[in-house]
Amino acid sequence: MPESRMPENGTPESRATATPTRAATAADGAEESGPLLEVRGVTKTFGHGRRRLTALDGVDIRLGRGETLGLVGESGCGKSTLARVLLGLERPDAGTVRFDGTDPFALRGKDLLAWRRRVQMVFQDPFASLNARMSAADLIGEPWRTHRDVVPGAKAQDKRVRELLSLVGLRDSDAHRYPNEFSGGQRQRIGIARALALDPDLIVCDEPVSALDLSVQAQVLNVLSELRERLGVAYVFISHDLSVVRYIADRVTVMYLGKVIEHGETEDVFDHPRHPYTAALMSAAPVLDASHATGDREILLQGEVPSPFDIPSGCRFRTRCPRAEDLCATEAPPLVARETRDADDSHASSQAYSHTALCHFPLEAESAWA
Amino acid sequence: MTTNTAVPSPPAADAPALDVEGLCVDLSTPAGRVRAVDGVSFSVRRGRTLALLGESGCGKSMTALSVVGLLDPAADVTGGAVRVRGDDTLKMSPAQRRRLAGPVLSIVFQDALTALNPVQPVGRQIGEPFRIHRGLSRRQAHEKAIELMTRVGIPEPRQRARSYPHQFSGGMRQRLLIAMAVALDPDVLIADEPTTALDVTVQAQIMRLLRDLQDEREMALVLITHDLAVVAQRADDVVVMYAGTVVENGPVRDVFADPRHPYTRGLLDSVPEHAVRGRPLPAVPGSPPELSAVPTGCVFQDRCPLVRERCVQERPTLRTSGDGRSAACHFSEELARA
Ligand SMILES: Nc1ncnc2c1ncn2[C@@H]1O[C@H](COP(=O)(O)OP(=O)(O)OP(=O)(O)O)[C@@H](O)[C@H]1O
Ligand SMILES: Nc1ncnc2c1ncn2[C@@H]1O[C@H](COP(=O)(O)OP(=O)(O)O)[C@@H](O)[C@H]1O
Ligand code: SF4
Ligand code: SF4
Ligand SMILES: [Mg+2]
Ligand SMILES: [Mg+2]
């Protein structure tokens, strides 16, 4: 493929009815049909008059079919707000969202309903997000009450519930149990089965394993990975646990105070961070491996994230940045890009997914980058 | 009000600063009495860090609260000993125990917001230990509080001393709690998940602060956490808890390199850090038992890949080997080969 940039409006392929194979075929055709999701310059503010807070400030993200995008950044940086925009729950003040080439915010009525099916959500707290008075089967099948044509008929629904239960590693007999009879990990599986009920193309996972204990977290991560393999579903995966993101994500977007400050392939971002904030974040996260013991490698930042009501001028990270210079206070930093194609990978997949950072003085990678 | 005389004198250099032996705690629940902590033992010397590692609900906080004498009324210590400076605090009167809180034993709680008094300026709260234990005047205590706030990195401490807890960020509140806890130079500081609710970069600041304070004051630190990486980087020794019991303990380096309990092994394996994307994580199946349904034999039997008849019949005891390590498993030896 000679072109490195996808056409902005890829032809949306015709949507067949819900069958598990549909998404898989779509995944194969990813090259032809453009990105599944493309977000450009999305800005979202909250509040009134002078007390306005900028939760998202010109955010760009892009995601292909069957891909997983990791979204990291500290509390309040706008991850959940972005998730709500992707789900159509929050209308951006500026910028565009294209899902399969279509602007979901322009849709009405039946078209909107049809679109809603395709993007689902898994929440952080498996305890709070499920209605305690509904059985597992009711919870999983509830979305079909709104989207009536997805699985018509009680018999078919029963059968599909059982398929979904087994897909997330639960038993048939679990269908008639209630949330309080399940452990946290099992509840999270029900949440996932429910998200899958409408056979979505994209699942936004907001801290899906943060409330779970380590030994259970691994089970849920395995379920999510397996679904990606089998159904070709794409994920936006929000987590503050960097080791989880590294394991699950193909690409990573790092946010700071409402802006994307770094983006790239997971390995590039983790092993050769270019933005000083990313570098600090990576070095601050404790790692198990004793040979990586923090010690002098650790970049200890001063202070905490500034208030989103009062964003610093120039570069918003400058109040904590160990590399800050005068320029950083006066001028907004540029987006610098670096091509990251492997030397031996000159063929078609030159999607030019470059590694970008928003910084006047980005860190230079070691020799690995020729 | 000088009460220093009642505090036992500091221990000999090589004696443990804190020695917990066979601690048992029962809880009254609507479903009847259950055992939340079942025979927990560990000890820690000054200047050393011991990690209590385990998943939520395994009894870490109950253990910590029993040690400092702050258990909820629904819970009773039903056995064991908690020795500081050679004396068993469980045998002391409430007044004697209160005198230990601050100069000998101190705790930083999991939830900084609820641990601070919301209607009192923070300077007053931080100065309080000096008034109660050292008999300082209000003004002297206030000066001490400002000194401590400076030490833990609160900017503009003199002005901020008049602020209330909700006016501080999560990281700052945790610093305030730490300031209070180290005010009287305790022998032993217990920190219960001190960074769990904080952002990664702030977590790193707090861990650094704890380490600096520990070095400077030669405290013994009991670090309670569910984070294996924190244990690996920060602790000398580790006590792995499961369902109210200790399943393994020993020097962190050895335990993590070569675990002798299948649960420790399972935890280490399920960390995504070493996993390869696209390959399943080796997860431990199932989840920890409810307190009311802890099996009679081995507590880990429902999830253990090595389980067999004997494990169902007989609860393994924590067996100590010569190298300062112990594990509660009938078949530890096989784990090395598995
Ligand atoms: N409905 C709202 N009204 C006002 N402010 C809001 C609203 N939703 C979010 N915010 C603010 O927008 C900013 C971004 O919030 P968001 O929930 O997206 O953060 P986050 O990155 O998900 O954080 P966390 O890691 O804590 O979940 C925060 O400052 C938050 O307080
Ligand atoms: N005040 C209480 N009343 C009833 N149950 C409690 C109380 N405090 C703790 N528990 C229970 O005791 C067990 C151990 O709790 P805890 O020590 O807080 O665990 P950890 O700190 O390891 O997460 C849990 O099952 C918990 O639900
Ligand atoms: S622009 Fe300046 S302050 Fe901002 S991250 Fe880069 S070096 Fe630091
Ligand atoms: S005693 Fe048996 S069940 Fe328990 S951990 Fe050892 S092998 Fe597993
Ligand atoms: Mg959030
Ligand atoms: Mg606890």
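1. Gln110(B) has a relative accessible area of 39% and is therefore classed as partly exposed, a value that, like every other in this note, belongs to a predicted model. Ser61(B), at 24% relative accessibility, also counts as partly exposed, because the buried class ends under 20% relative accessible area.

2. These two residues are the protein donors of the magnesium ion (ligand 6), Ser61(B) through OG and Gln110(B) through OE1, at 2.1 to 2.7 Å from the ion. The pair brings together distant parts of the chain, since Ser61(B) sits in helix α1 (residues 60-68) of chain B while Gln110(B) lies in the loop between β6 (105-108) and α3 (112-115) of chain B, 49 residues apart.

3. How much is buried between chain A and chain B? The area is about 3300 Å², with carbon and sulfur atoms giving 55% of it. Chain A brings 41 residues to the contact and chain B brings 39 residues.

4. As for polar terms across this interface, 20 residue pairs are in polar contact between chain A and chain B, with both residues at pLDDT 80 or more. On the chain A side, the elements that give two or more residues are α9 (214-231), α10 (242-248), α11 (266-271) and α12 (276-284) of chain A, and α9(A) gives the most, with eight residues. By class, that side of chain A has 18 nonpolar, 14 polar and nine charged residues.

5. The rule finds two salt bridges across the interface of chain A and chain B. One of them joins the side chains of Glu267(A) and Arg277(B), with an N to O distance of 2.9 Å.

6. Is α12(A) mostly covered or mostly open? It is mostly covered, with nine of its nine residues buried; among them are Pro276(A), Tyr277(A), Leu281(A) and Met282(A). The cover over the buried residues of α12(A) includes, from chain A, β3 (68-72), α10, β8 (251-256), β9 (259-265) and α11, together with α8 (200-217) of chain B.

How values were computed. Residues numbered from 1 in each chain as written. Chains lettered and ligands numbered in written order. Predicted model: local features only at pLDDT ≥ 70, side-chain atom pairs only at ≥ 80, totals over all residues. Heavy atoms only, no water. Contact = heavy atoms within 4.5 Å. Buried area = accessible area lost by both parts, 1.4 Å probe. Salt bridge = Lys/Arg side-chain N within 4 Å of Asp/Glu carboxyl O. Polar contact = N/O pair within 3.5 Å; in protein donor to acceptor, adjacent residues only side chain to side chain. Helix = DSSP H or I, 4+ residues; strand = E, 2+ residues; numbered from the N terminus. Nonpolar A, V, L, I, M, F, W, Y, C, P; charged D, E, K, R; others polar. Donors = N, O, S within 2.8 Å, 3.2 Å for Na, K, Ca; no water. Buried < 20%, exposed > 50% of the residue type's maximum accessible area, 1.4 Å probe, protein only.
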